[in-house]
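Me: I have a structure open and would like to go through it. Can you take my questions as they come?

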Amino acid sequence: MTSVKLTALFLALLLAVSLAACGNPIRDVVIGKDPVITPTPDPEPDPTPDPEPAETESARRARLIKKMEDIFCAAEPMENYSFTLNDPVTVDGREYYYGVWHRTITDYDTQSQYLSTVAEFFITPDGEECYIGYYYPANEGNGATVVLTPGNIFEEINNT
C-alpha cells in the first residue's frame, strides 16, 4: 500500500509541477489572468484621396471673374475695366452666371466717372464655356429672356 501511496504522491507532485509550468488555470479563473497585449497593426492607409472641399459661392465667383480678367487683359489693359457676376440664369436647361463687362469712363470736364457696358456674357459655373449675349428680364414669359451668340468665346480665342 505504501507503494500505491508513493505512486499517488509522485503523480500529484508531477501534476503540481506541470500545472505550475503551464500556469494555474484555477487561479487564473478566480483571480484573473494578466491580459496578453498583442500589438495591433497600423491600419492600411485609405487608397482613395480625401474629396476636395466644395467650392464656396464666393470662391467660384472670384475664380470666374479672374478667368475673365486673365483672358481679356491680353487684349486690353484691365485698369479701367471690371467684371460683375450676377445671379445664375438657366438657358436651354443649362446654368450660366450672367455677367457684365464694364469700362470706367472718366469725364474730365466734370471730373465724374460712370460705367459703360462693354459686353454682357454668360459663363458656366465650371468656367469652361462663355458666350456673349443679351439678357432681357422684362421678357420673362413673353419670349426669349436670354439670347446667346453662337460659339464659345473661349474656343474662339484659343483658335485664333
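Me: Start with Phe121. Is Phe121 buried or exposed?
Reply: Phe121 is buried, because its relative accessible area is 2%. Buried means under 20% relative accessible area, exposed over 50%, and partly exposed in between, with a 1.4 Å probe and protein chains only.

Me: Before we go on, what kind of model is this?
Reply: This is a predicted model, in which local features need pLDDT of at least 70, side-chain atom pairs count only at pLDDT 80 or more, and totals for chains, interfaces and linings use all residues. Residues are numbered from 1 along each chain as its sequence is written, and side-chain values use heavy atoms, with hydrogens and water left out.

Me: Where does Phe121 sit?
Reply: Phe121 is in strand E3. Helices (H or I, at least four residues) and strands (E, at least two) are DSSP runs, numbered from the N terminus.

Me: And what does Phe121 touch?
Reply: Not counting residues up to four places away in sequence, the contacts of Phe121 include Met68, Phe83, Leu85, Trp101, Cys130 and Ile132. Contact means heavy atoms within 4.5 Å.

Me: How many aromatic pairs does the structure hold?
Reply: There are six aromatic pairs. Rings of Phe, Tyr and Trp (its six-membered ring) pair if their centres lie within 6.5 Å; planes under 30 degrees apart count as stacked, over 60 as edge-to-face and the rest as tilted. One of the pairs is Tyr81 with Trp101, which is tilted because the ring centres are 5.7 Å apart and the planes are at 50 degrees.

Me: Which strands do Tyr81 and Trp101 lie in?
Reply: Tyr81 lies in strand E1 (residues 81-91) and Trp101 in strand E2 (residues 94-107), so the pair ties together parts that are 20 residues apart in sequence. Tyr81 counts as buried because its relative accessibility is 15%. Trp101 is buried too, with a relative accessible area of 11%.

Me: What about the rings of Phe83 and Phe121?
Reply: Their centres are 5.9 Å apart and their planes at 75 degrees, so Phe83 and Phe121 make an edge-to-face pair. The pair links distant parts of the chain, with Phe83 in strand E1 and Phe121 in strand E3 (residues 112-123), 38 residues apart. Phe83 is buried, at a relative accessible area of 7%.

Me: Which residues form the aromatic cluster?
Reply: Tyr81, Phe83, Trp101 and Phe121 form one cluster.

Me: Different topic. Where is Ile153?
Reply: Ile153 is in helix H4 (residues 153-159). Ile153 counts as buried, because its relative accessibility is 9%.

Me: How far apart are Ile153 and Phe121?
Reply: The C-alpha atoms of Ile153 and Phe121 are 9.6 Å apart in space, and the two are 32 residues apart in sequence. Leaving aside neighbours within four places in sequence, Ile153 is in contact with Phe72, Cys130 and Ile132.

Me: Now the charges. How many salt bridges are there?
Reply: The structure holds six salt bridges. A salt bridge is a side-chain nitrogen of Lys or Arg within 4 Å of a carboxyl oxygen of Asp or Glu.

Me: Why can such side chains pair?
Reply: Side chains of opposite charge can pair when their charged atoms come close.

Me: What does Arg61 pair with?
Reply: Arg61 meets Glu57 in a salt bridge, 3.1 Å from N to O. Both lie in helix H3 (residues 57-72), four residues apart, about one turn of the helix. Arg61 counts as buried because its relative accessibility is 19%, while Glu57 is partly exposed, with a relative accessible area of 36%.

Me: And Arg94?
Reply: Arg94 and Glu129 meet in a salt bridge of 2.9 Å, N to O. That pair links distant parts of the chain: Arg94 is in strand E2 and Glu129 in the loop between E3 and E4, 35 residues apart. Arg94 is partly exposed, with a relative accessible area of 33%.

Me: Which residues do salt bridges that share partners join into one network?
Reply: The network is made of Glu55, Glu57, Arg60, Arg61 and Arg63. Within it, Glu55 and Arg60 meet in a salt bridge (3.6 Å, N to O).
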